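Take a walk through this model, one region at a time. Keep the sequence beside the coordinates as you read.

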Amino acid sequence: PRPAPAAGRGGLQNPRPSTLNPNYPRQSGETEHMEKMDEVITYLRSNGVSRELQMRVHSFYHFLSRQRSASTGSAAVLDDLPSELSREIRLSLNRRLLSEIPFLNKMSEEFVMDLFSRLQNRLALPREQIYKAGEQPSALYIIVSGSVHLVYKKPNGKKYVDILMKGAVFGESGLFLGKRHEMEARAGGFAELFVLSKENFEDVMQD
């Protein structure tokens with residue numbers, strides 16, 4: 001996937017003026033998403049939703065359009081294949097990413113495939129909180145693209161930020177140790193994540 005779009009004011013991408021100017025030229029790959037965006041923006045405007053939220057919707061649809069355009073002719077074509085074959089190919093495509101996860105290096109191919117089949121996709125929006133400090137862990141996360149900020153607040157009020165990038169795993173210590181999260185996790189921009197729920201994590205580890 002392409003890098004996350006450049007941030008505009010307040011960490012949000014500056015929207016293209018498509019809904020403001022109906023004559024604004026669009027690339028063919030954008031049409032479907034942009035038409036949907038126009039419908040949503042029109043609905044938000046008619047109901048008095050703030051411009052900040054409208055800008056976030058703009059940002060999301062433009063990012064989604066670029067991501068889908070980038071996948072055209074590549075990963076998207078796998079949808080027509082038999083599910084088992086598609087799963088094996090997707091695992092192969094993500095092998096490098098998964099190989100960077102330390103505890104998976106010692107696991108069998110069968111174990112890795114079982115884990116991969118249970119992963120869910122999640123797109124975290126800019127500045128979106130993924131979990132709070134003090135929460136019980138509910139999942140393990142793998143960054144597919146973008147960045148995630150882990151924020152630790154010391155007793156004296158000072159904050160320390162650890163920036164995680166593609167391939168990083170977070171949230172796993174709470175699952176392994178049964179401890180509450182010590183840090184807040186927040187998306188630094190658009191962040192595509194693989195998510196393994198606590199229930200699936202426990203099932204995989206017991207098999």
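Helices here are DSSP runs of H or I with at least four residues, numbered from the N terminus. The model is a predicted one.

Start with helix H2, which spans residues 51-71 and contains Gln54. Is Gln54 buried or exposed? Its relative accessible area is 8%. The cut-off for buried is under 20%, so Gln54 counts as buried. Who surrounds Gln54? Leaving aside residues up to four places away in sequence, Gln54 touches Ile41, Leu44, Arg45 and Val49. Arg45 also makes a polar contact with Gln54, side chain to side chain, at 3.3 Å.

Now move to helix H5, residues 109-118, where Glu109 is found. Glu109 has a relative accessibility of 46% and counts as partly exposed. Buried would need under 20%, and exposed over 50%. Beyond residues up to four places away in sequence, Glu109 touches Leu91 and Arg95.

Helix H3 covers residues 83-93 and packs against H5. Their axes are 10 Å apart, at an angle of about 105 degrees. Angles of 65 to 115 degrees count as roughly perpendicular, so H3 is roughly perpendicular to H5. On the H3 side, the contact is made by Glu84, Arg87, Glu88, Arg90 and Leu91. H5 contributes Glu109, Val112, Met113, Asp114, Phe116 and Ser117.

Strands of a sheet pair through backbone hydrogen bonds, either parallel or antiparallel. In this model, 4 strands form an open sheet with antiparallel pairing, in the order E1-E8-E3-E6. Which strands stand at the edges? They are E1, residues 120-124, and E6, residues 169-170. Each has a single partner strand, so one side of each is left without a neighbour in the sheet.

Look at E1 and its partner. E1 pairs with E8, residues 191-197, in the antiparallel sense over 5 bridges. Within this pairing, Leu123 has Glu192 of E8 as its bridge partner.

Finish with the helix that lies over these strands. Helix H7, residues 198-206, lies across E8 and E3, the latter spanning 139-145. H7 runs at about 55 degrees to E8.

Definitions and conventions. Residues numbered from 1 in each chain as written. Predicted model: local features only at pLDDT ≥ 70, side-chain atom pairs only at ≥ 80, totals over all residues. Heavy atoms only, no water. Pairing = 2+ DSSP bridges. Helix = DSSP H or I, 4+ residues; strand = E, 2+ residues; numbered from the N terminus. Contact = heavy atoms within 4.5 Å. Axes fitted to C-alpha atoms, helices over the stretch in contact; angles between N-to-C directions. Buried < 20%, exposed > 50% of the residue type's maximum accessible area, 1.4 Å probe, protein only. Polar contact = N/O pair within 3.5 Å; in protein donor to acceptor, adjacent residues only side chain to side chain. Parallel < 35°, antiparallel > 145°, perpendicular 65-115°, else oblique.
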